[in-house]
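Me: Hi! Could you walk me through how the parts of this protein chain sit against each other?

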Amino acid sequence: MVDFGYKIQADRQINLDITNKALANFVKKHENSFNTCIGCGTCTATCSTAKFTDFNFRRLQLFIRRGETANVKAEIAKCMLCGKCQLACPRGVNTRNVIMMIKKGLEAHV
Amino acid sequence: MNFAWFVLPFSLGLFLLFILVIFKISFWVRQLPLRDRLLLNRGIFSFKIFKVIKEVIMESLLHRRIFKINPVLGFMHMSFAFGWFMLILVGNMESRLYAGTELNLPYYAIFFKYFVHQPLTIPFAEGFTFIMDFFLVLVLSGLLIALSKRIYSRVVGMKRTTKLKPFDVFAMLSLWFIFPFRLLAESMAAGMYHTGGFLTQPLGNFFAGFLPLGPLSYAMWWAYSIALGVFFVSLPYSRYMHIPTEIVLIAFRHFGIRRTKEYDMFKDVEVFSCSRCGICIDKCQLNTMAQVNTIQSAYFIKSIRKKNQQEAVVQNCLVCGRCQEFCPVGIKTDDLRLSQRMIFENREIADFHYLPQDVPVKTDILYFAGCMTHLTPSIKKAMLNILNSSGISYRFMDEDGSICCGRPLMLSGNNKDALKLMQTNKDIIRSSEAHTLVTSCPICLRVFREDYNLNINVVHHTQFIESMIAEGKISLENSGAKISYHDPCELGRGLGIYDEPRNVLSQTGVLLKNSLERKSSLCCGGSIANNQNYNLNKDKISQQVVAHLSAKEPDMIATACPLCKKSLVKYADIRVADIAELVSEQMVSNKADASRAEKKFNVESVEA
Ligand code: SF4
Ligand code: SF4
Ligand code: SF4
Ligand code: SF4
C-alpha cells in the first residue's frame, strides 16, 4: 500500500458481551479488592517499573476487565512486585496480590 | 526366664517403633547431598558429638528454652521427658544390678516390679526404690498440668493451646494413660508383697484394704503394657515423632548441614521436630490482633507434614519472625514459610530487559534509598541532608528511581524472578567499586546482606549515622522529646540491629522503655510478605501497635523503616518519624543554619 503518512486505525470496538472475561473473573474471585479499583492511576504514577518503561498498571487492569488479554503476559512480566502501588492506592486495592493472581490466572486461562 | 503374656503389647510396640524411626532417619540421611552426608559422618566421630549430647540433654530432656519462655510449661515438658527418661534409666540399672547380667530383654526392666517380689538385695536398694517413686511423682505432676492445660490453657499462661485432631488426641491419651496405669500396677504389687517406696507402698496398702489385688494388679500390668504399646506405635505418626527427630535436628545443626532456600531435608527434619507446643500461637499477631487463627506455625508445619498445604495458609503470614524467635526447638519458621511459597509461586515470568545498563560512576560509598524510601520522601530528604552536610563523598545509587532489591519477589516465593533483579543491582554495585553500601530500608538491607554475596560493608542508615557521630562528622543536639521506638522486624529480628538505632535516638531525645521491644517487638502489620486479606489484617494490627507504642505518652514514635512509618502513621495521633528525620533536624550545623537564616530574615524585615 502507498504510504500516505497516515493510516486507518484498526477497529477498536469491544463487545463486552462476548469478550473473554475469564482472567478478570479469576482475579476478582481470588482478590476481591480488584473490584474497588477506580482506574485513578495513582499506582502508575508511583510505580517503580514505570520509571524505566511504559508499564502501566492502570491500563493493564482496564485491558483485563475488557478481556483484551493478548499483551497481559508481556506487560505483567515487567512488574518488580515492589509494592509501592499498594501503599499508594487510595482504594485499598491489594495490587500485589492482584498481580500475583494475574500471573497465576494466565497459566490457567490464556 | 521371666515371661508373662502381657509383655507382648509393649515389646511389639517397641520393636515397631524402633524399625519405623530407623527407617525415617535413614531416609533423611540418604536424601542429603553427598557433601552433607560426609559432614554428618565426620561430625559423629568428632568432638562435636559432645556438643550434640549436651544440647540434647538441655533441650530434649530438661527443656531449658521452654523454661525460659514459660516456666510452668517448661516444667510440664521437663517432667514428662526427664522424669520418664530417669525412670527408664534407673529402672534399667536397678533390674540389671538385680539380675547380675546385661542381657535382659527390654521388657524386664519395665515390668520389674511384676517379676521381683521380695525386697531388693542390691546395693542402695532403698535409694533405688525412692528414686523410682520420686520420678514417677514428677511425671504424674506433669500429667496433671497437661490435663489442666487442656481444660483451661491459661493455667500455663497460654491464651490458646494447639487445636488437636482425633488421632492426636488418641496418641496423647495413650501417653497420658501410661503413668496412672504404671502407678496402679506398681502400687498394687507393693500392696501385695509389702514392697514399694514412699508413694507406691502407702497406696498399695490402702488398696489392699478393700480390693482383690491379685487379679486386679494383673489387669493393671496388661493395661500398662497396652498403653505403652499403643503409644509406641502411634508415635511415628503423631506429633510425638518430635522426640527422636529433635535429636537429629540438633545433630544436623552442630555438624553444619547446609540449609537451602528450597524445602530440603533440613527443613523436613524441622517439620518433624515441631512438638506442637503451641508457644508460637500466642506470639502471632495475626492471631492476637486480627483473629486469624489457622495459619500459625504449629498448624502450618502440621499441614506440611500431612502434605496438605493450603495456599491461603502458606501465603497468610507476615513473615515477621516473632514465632521463630520464641520457638523452643529453634525451627526457622520464616525460611520454612518461604520455601513453601516457592512451591506455589516460583513461576518464571518476569522480564527485566528494559532496565538501564548504566555504567556507574566510581565511588567509595553508595547510598541506596529503595522503593519504599522513595515513597516516603521525608526520609530520603533527611538522609541526603545528613550525607551532604557531613561532607563525605558518596553516590546516590537510585536517584532516578529504584530497581527493586528483589526481596519483595522473594517474599512472595518467586526466587527465580527475584534473582534477575538482584543480578542487575549487583552489577551496578560491583562496578561502582564502593566499599560501603548504605540503605534506608531494612528490607533491602536484608537481601543485600544475605543473598547478594557482595563482600562489601552493607549497613543500615542508623548504623552509618552512628559511625558518623562517632567519627565526629556530625553532632546532634538533644531536643529532650520523649521517644517511643518501634523495632522493624527485618532490622531487629531479621538482622539483629537493635542497639545502633537506640544509641542514635538517645542523642536526639529521651528514649522511653517499652514492654515489647527488641526480640519481642511487634510487627507494624504492613509487611509486604503478607498478601492475604492484606488491608483488613494490616489495619487491625497497625492500630494496636500504635496504641502499644503510645501507652507511655511519648511525644513521638520513631522507627527505622519507611514501611513501618507508613503503617504506623495512619493511626497515630502523635508524630511518627524515621530516625534519619530526627537526626537531620537535630544536627548542630543544621540548627546553626536555621538560626542564621532566621536572623537574616529579621534584619531584612527591620530594614524594610
Ligand atoms: S491506584 Fe488503586 S484505584 Fe487507582 S488505578 Fe491503581 S489500583 Fe486502581
Ligand atoms: S509492585 Fe509492580 S506495579 Fe506496583 S509499583 Fe511496584 S513495579 Fe509498579
Ligand atoms: S513451631 Fe516451635 S513454637 Fe510452634 S508449636 Fe512447633 S515447636 Fe512449638
Ligand atoms: S511469622 Fe509472624 S505472622 Fe507468620 S506465623 Fe509467625 S508470628 Fe504469625
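**Domain 1 meets domain 2 in chain B**

Me: Let's begin with charges. How many salt bridges are there between domain 1 of chain B and domain 2 of chain B?
Reply: Two salt bridges are counted between domain 1 and domain 2 of chain B. Keep in mind that this is a predicted model.

Me: Where does Asp168(B) find a salt-bridge partner?
Reply: Its side chain pairs with that of Lys302(B), at 3.0 Å from N to O.

Me: Which helices build the domain 1 side?
Reply: On the side of domain 1 that touches domain 2 in chain B, helix H1 (7-31), helix H4 (64-69) and helix H5 (71-99) each supply at least two residues. The largest share, four residues, comes from H1(B).

Me: What sort of residues are on that side?
Reply: That side of domain 1 of chain B divides into 10 nonpolar, seven polar and 10 charged residues.

Me: Nice. How much area is buried between the two domains?
Reply: About 2,200 Å² is buried between domain 1 and domain 2 of chain B, and carbon and sulfur atoms give 56% of that. In residues, 27 from domain 1 are in contact with 24 from domain 2.

Me: Stepping back, what domains is chain B divided into?
Reply: Chain B has domain 1 (7-244), domain 2 (259-344) and domain 3 (477-590). The centres of domain 1 and domain 2 of chain B, taken over C-alpha atoms, are separated by 29 Å.

Key. Residues are numbered from 1 along each chain as its sequence is written. Chains are lettered from A and ligands numbered from 1 in the order in which they are written. This is a predicted model: local features need pLDDT of at least 70, side-chain atom pairs count only at pLDDT 80 or more; totals for chains, interfaces and linings use all residues. Side-chain values use heavy atoms; hydrogens and water are left out. Domain bounds come from an automatic or database domain assignment. Contact means heavy atoms within 4.5 Å. Buried area is the accessible area (1.4 Å probe) that two parts lose on being put together, summed over both. A salt bridge is a side-chain nitrogen of Lys or Arg within 4 Å of a carboxyl oxygen of Asp or Glu. Ala, Val, Leu, Ile, Met, Phe, Trp, Tyr, Cys and Pro count as nonpolar, Asp, Glu, Lys and Arg as charged, and the others, Gly among them, as polar.
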